Amino acid sequence: MWRDRLTRGLALRLCLLLTALCVCLHVYLELGERRGAPSPLTLGRPTQTSQVLLDSEARKLGAADPMERRVGAEDRAVKRRVSYVRTPKKDSVIGKTVGWEEPSTCCPPLRPNRKSARWHIELEPWASDSHSLEEEARRFLSYITTPQVFCAPPSPESPVVQGGQEGPEGRWAVCLDSRYSLAQRIHIQHCRVYSLGLGMEDKTLERSLARAGCEVHCFDPSLRQAHLQESDMWLHRLSVDWRDPNPAIHAQRQHSNTKKLATILNDFGHRQVDVLKADMESAEWKILENLVLEGVLSSVGQLLLEIHLHWAGFEVGGDDPSVVRYWFSLLKELERAHFRLFHYHSDPAKPRLFLHRNVLNATSAYTLGWVNTQWRP
């Protein structure tokens, strides 16, 4: 009798224990499913808020069938959500190529004012519909012989005299007007001059600026030594080019004496040049193009340049009207960079040649001077 009671009691206790275990296991599994459950949108069951958004998207789609509108709206919502997740990186080449619109970031770029390099200059419209050489030459010659700003002549007590012996103001001239900074920079002896040339050219202006206290650097690839100091001027065995030597060719890298102006400025640790004088014997057009495309002109206060018109110049191609249009477009790029013509000089001793012919009685060489009206050293 007592054995039957003991057996029934053990069976009852075992059933209660198993029931408790089952309840605990059920609760544990249910809680685990709730923690790891995906969002309603992922399961295809939108919430009340997302339902309103999907309905609005469906109305925009304009489909006739409500279910079709619902499916189309869901597809657009998913695509929109994915597009924000897979937006290309900032400055990505692929993103720029296909034109994706990138979301704004929290922080501005490190150098927001840095100018990116350009690939070509902006060509000006043709001077006439006929694209004739005479019309292009007439516009170009009128442009280089019409000063855009007036610079007061230097006073007799000025420490700077204009260079050259031709004409009342000389072949080379700087603008010492008080509206611009060169006169003040000379007064405090904190000016820098770069002179780019070849061979035995006149150095009157450079010597005058050096005596006035300017730091003058003359670049000539014909020098025997790499660097010399002469008459308060630095002479460097370098020439400015519109390209750097190929770094992959050891001979060019080791023995080359031509570099771009931006590279020379970086090598010398110079950020600005008050006066840049250049007489590059027909290489001036490609050098000027390089200065425009790389944004180096913003570091120059005044540009003194001799241009040669008897032929197109190194690596300048096209027929004669196209060449003159290219010349004119380069000078207009100077104007867009806030440079204004203040001086021009025509050498009467030069032959009357304009692209190998006599056009409008123009000489083959002109010396021009521009001042950067927005330059603030």
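Tutor: Start with Cys 191. Its relative accessibility is 4%, so Cys 191 counts as buried. The cut-offs are under 20% relative accessible area for buried, over 50% for exposed, and partly exposed in between, with a 1.4 Å probe and protein chains only. The model is predicted: local features need pLDDT of at least 70, side-chain atom pairs count only at pLDDT 80 or more, and totals for chains, interfaces and linings use all residues. Residues are numbered from 1 along each chain as its sequence is written, and side-chain values use heavy atoms, without hydrogens and water.

Student: How do you know that Cys 191 and Cys 214 form a disulfide?

Tutor: Set the distance against the rule. A disulfide is a pair of cysteine sulfur atoms within 2.5 Å. For Cys 191 and Cys 214, S to S is 1.7 Å. That value meets the rule, so the pair is called a disulfide.

Student: What makes the disulfide of Cys 191 and Cys 214 left-handed or right-handed?

Tutor: The torsion about its S-S bond. The torsion is about -110°, so this disulfide is left-handed. The pair links distant parts of the chain, 23 residues apart. Cys 191 is in the loop between H7 and strand E1 (192-196). Cys 214 is in the loop between helix H8 (204-211) and strand E2 (215-219). Helices (H or I, at least four residues) and strands (E, at least two) are DSSP runs, numbered from the N terminus.

Student: Is Cys 214 buried or exposed?

Tutor: Buried, because its relative accessibility is 6%.

Student: How many disulfides does the rule give?

Tutor: The count comes to 2 disulfides. Cys 151 and Cys 175 form one, with their sulfur atoms 1.9 Å apart. The angle about the S-S bond of Cys 151 and Cys 175 is -95°, and the link is left-handed. Both cysteines lie in the loop between helix H6 (133-144) and helix H7 (182-187), so the pair ties together parts that are 24 residues apart in sequence. Counting bonded cysteines along the chain, the pattern is 1-2, 3-4.

Student: Why are Cys 151 and Cys 175 called buried?

Tutor: Cys 151 has 13% relative accessibility, so it counts as buried. Cys 175 has 0%, so it counts as buried too.

Student: What makes Cys 15 partly exposed?

Tutor: Its relative accessibility is 47%, so Cys 15 counts as partly exposed. Cys 218 is at 3%, so Cys 218 counts as buried.

Student: How many cavities of 30 Å³ or more does the structure hold?

Tutor: It holds 2. On a 1 Å grid over the protein atoms alone, a cavity is a set of points where a 1.4 Å probe fits but cannot get out; lining residues have an atom within 4 Å of a point. Points are joined across faces, edges and corners, and the volume is the space filled by probe spheres set on them. The largest cavity has about 80 Å³ of space. Its lining includes Arg 179, Asp 274 and Trp 375.

Student: Which residue classes line the second largest cavity?

Tutor: There are 9 nonpolar, no polar and 1 charged residues. Ala, Val, Leu, Ile, Met, Phe, Trp, Tyr, Cys and Pro count as nonpolar, Asp, Glu, Lys and Arg as charged, and the others, Gly among them, as polar. Leu 196, Met 280 and Glu 284 are among the lining residues. H11 gives the most to this lining, with 4 residues.

Terms used
On a 1 Å grid over the protein atoms alone, a cavity is a set of points where a 1.4 Å probe fits but cannot get out, and a pocket is an open set with protein on both sides within 12 Å along at least five of seven lines; lining residues have an atom within 4 Å of a point.
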